[in-house]
Amino acid sequence: MEIAPGAFHLQRRLAMDAQRALVERCRELVDGPVPAYVPTVRGGGKMHVRMLCLGRHWNGRTYKYEAVRADFDGLPAPPLPAEFRALAVEVAGSVGMPFEPDLCILNYYGADGRMGLHQDKDETDGSIAAGLPVVSVSLGDTARFLFGGTRRRDPIQPLTLESGDAFVFGGPARLRYHGVSRIVPGTAPPELAMGGRFNLTFRQYDLEA
Ligand code: SIN
Ligand code: MN
């Protein structure tokens, strides 16, 4: 379960009822009044996910956090739902990591969704230096997740993230490279009646919450 110092893969962490409730909420959010969208990133390419930031917006053109979606429609990021936050605090606590998340990036991966290898390093220096974790929760189709080291050229460990799994990387693992090479279509639990994959990554922008 601790796959590297500070990195934990918690398989089937969420019971089916909890998964179902979360998926319902994710669906409402991504197609709600402030909808998920496909960001264009710094180099001009489009991402291969639909993204919706909650609590604080991550701007794909500047790689900075902001209150409104200046790279898309200027709308304010919707608040982070209290039940989402509580789940992330509980998951981090279960591996001994204090955490007061103030934002969540909700991504939807369709059948051809993916995400290139990257570091999560746009939170404040204080938050990253303290090793405050990123807490990830997966729902729906299985993902092939890549977990590398702190340098891009470091060896990569392929992992399988299934529906209901949580993955936590904090402490010495906080700046490890990671990505999603592909989704395995048709693998979502039938109880969820969904295709594709939702992934939620919780972060704490500031050291002082
Ligand atoms: C991310 O790194 O932002 C997403 C990871 C995932 O989808 O599992
Ligand atoms: Mn990431």
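**Helix 1 and the elements packed against its buried residues.** In this predicted model, the buried residues of helix 1 pack against strand 3 (50-54), helix 2 (82-94), strand 6, strand 8 (134-140) and strand 13 (197-203). Helices (H or I, at least four residues) and strands (E, at least two) are DSSP runs, numbered from the N terminus; contact means heavy atoms within 4.5 Å. The buried residues of helix 1 are Gln-19, Leu-22, Val-23, Cys-26, Leu-29 and Val-30. Buried means under 20% relative accessible area, exposed over 50%, partly exposed in between (1.4 Å probe, protein chains only).

**Surroundings of Asn-107.** Asn-107 belongs to strand 6 (residues 103-109) and is buried at 5% relative accessible area. Leaving aside residues up to four places away in sequence, Asn-107 touches Val-49, Arg-50, Met-51, Met-115, Arg-197, Phe-198 and Asn-199.

Trp-58 and Tyr-63 form a tilted aromatic pair, 5.1 Å centre to centre with 50° between the planes. Rings of Phe, Tyr and Trp (its six-membered ring) pair if their centres lie within 6.5 Å; planes under 30 degrees apart count as stacked, over 60 as edge-to-face and the rest as tilted. Trp-58 is buried at 10% relative accessibility, whereas Tyr-63 is partly exposed at 24%. Arg-42 lies over the face of Tyr-63, 3.6 Å from the ring centre. A charge sits over a ring if NZ of Lys or CZ of Arg is within 6 Å of the ring centre and within 35 degrees of the ring normal.

**Notes.** Residues are numbered from 1 along each chain as its sequence is written, and chains are lettered from A and ligands numbered from 1 in the order in which they are written. Local features need pLDDT of at least 70, side-chain atom pairs count only at pLDDT 80 or more, and totals for chains, interfaces and linings use all residues; side-chain values use heavy atoms, with hydrogens and water left out.
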